[in-house]
Amino acid sequence: MFKNPVLDKLSRIHWSVPLVIFVPVVLFFLYRSIFTLHLGALVIAILFVAAIFLWTLTEYVLHRYVFHTQLPGKLGRRIHFVIHGVHHDYPNDTHRLVMVPSLSIPLGIIFYSLFWLLLGPVYACPFFAGFVTGYLIYDMTHYAIHHYGFKSKYWLNIKVYHMRHHYQQPHKGYGVSSALWDAIFHSKFKER
């Protein structure tokens, strides 16, 4: 993708790297929620699940309005290619299916800061743990969609849905882990 070998290396990532980076983050914020902030199990569970649900909307918005937005001009086309176009051109490249840390870590800091401002320092902890869990589910699902042969009808449906986005209608079907927001925002696939 890049003529510079260092930049090209930085644009590639093994699928397990987000787990190595963010599972400890989830565990830290859950530990803090329980043992430092002394939140109850019900409060933690509600905030955790609500955050996973918010992640599905975030995933949809990022995919539709950031990853598929093409800025004008040659520079705009290049930025789009680097952010997401390369994935559509090479959808089976095993090292370009999960988000690189140079993007995921700053986004994580931004989202945590936003939750801290909106929910306060106490409730932001379990909420952020759930949000990061949603992100990890998305990243692992996306990798699996491209590289595993599913036998389960549920997973096959998710895979077929995403493959339609790649190979038939790239401006529809932005949900990767869920088609819910495509239904709500009228971006479901047109039946053929």
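**Exercise 1.** In which helix is the place of His146? Work out too whether His146 counts as buried or exposed.

*Solution.* Keep in mind that this is a predicted model. Start with the location: His146 sits in helix H5, a helix that covers residues 101-147. Next, check the accessibility. His146 has a relative accessibility of 7%, and buried means under 20%, so His146 counts as buried.

**Exercise 2.** Find the residue whose side chain is joined to that of His146 by a polar contact of 3.2 Å, and describe its setting.

*Solution.* The partner is His162. Go to helix H6 to find His162; that helix spans residues 153-167. His162 has a relative accessible area of 1%, so it is buried. Now list what His162 touches, leaving out residues up to four places away in sequence: His87, His142, Ile145, His146 and Val176. One more thing about His146: Asp93 is 53 residues away from it in sequence, yet their C-alpha atoms are 8.9 Å apart in space.

**Exercise 3.** Which residues touch the most other members of the largest nonpolar core?

*Solution.* The core has 26 residues, and the ones to pick out are Trp55, Phe115, Phe131, Val132, Tyr135 and Tyr138. Then ask where the core comes from: helix H2 (17-36), helix H3 (41-67), H5 and helix H6 each supply at least two of its residues. H5 gives the most, with 13 residues. As a bit of background, nonpolar side chains tend to be buried together in soluble globular proteins.

**Exercise 4.** Which residues make the nonpolar surface patch of about 760 Å², and why does Trp116 count as partly exposed?

*Solution.* First, collect the members: Val43, Leu114, Trp116, Leu117, Leu118, Leu119, Val122 and Tyr123. Second, see which element gives the largest share: helix H5, with seven residues. Third, zoom in on Trp116, which is placed in helix H5. Trp116 has 41% relative accessibility. Buried means under 20% and exposed means over 50%, with partly exposed in between, so Trp116 counts as partly exposed.

How values were computed:
Residues are numbered from 1 along each chain as its sequence is written. This is a predicted model: local features need pLDDT of at least 70, side-chain atom pairs count only at pLDDT 80 or more; totals for chains, interfaces and linings use all residues. Side-chain values use heavy atoms; hydrogens and water are left out. Patches are made of residues with over 30% relative accessible area and no salt bridge: like charges are joined within 9 Å, nonpolar side chains (Val, Leu, Ile, Met, Phe, Trp, Tyr) within 5 Å. Accessible areas come from the Shrake-Rupley method with a 1.4 Å probe; for residues, only the protein chains shown count as cover. A salt bridge is a side-chain nitrogen of Lys or Arg within 4 Å of a carboxyl oxygen of Asp or Glu. Helices (H or I, at least four residues) and strands (E, at least two) are DSSP runs, numbered from the N terminus. Buried means under 20% relative accessible area, exposed over 50%, partly exposed in between (1.4 Å probe, protein chains only). A polar contact is a pair of N or O atoms within 3.5 Å; within protein, one must be able to donate a hydrogen and the other to accept it, and residues adjacent in sequence count only if both atoms are side-chain atoms. A nonpolar core is a set of buried Ala, Val, Leu, Ile, Met, Phe, Trp, Tyr and Cys residues joined through side-chain atoms within 4.5 Å. Contact means heavy atoms within 4.5 Å.
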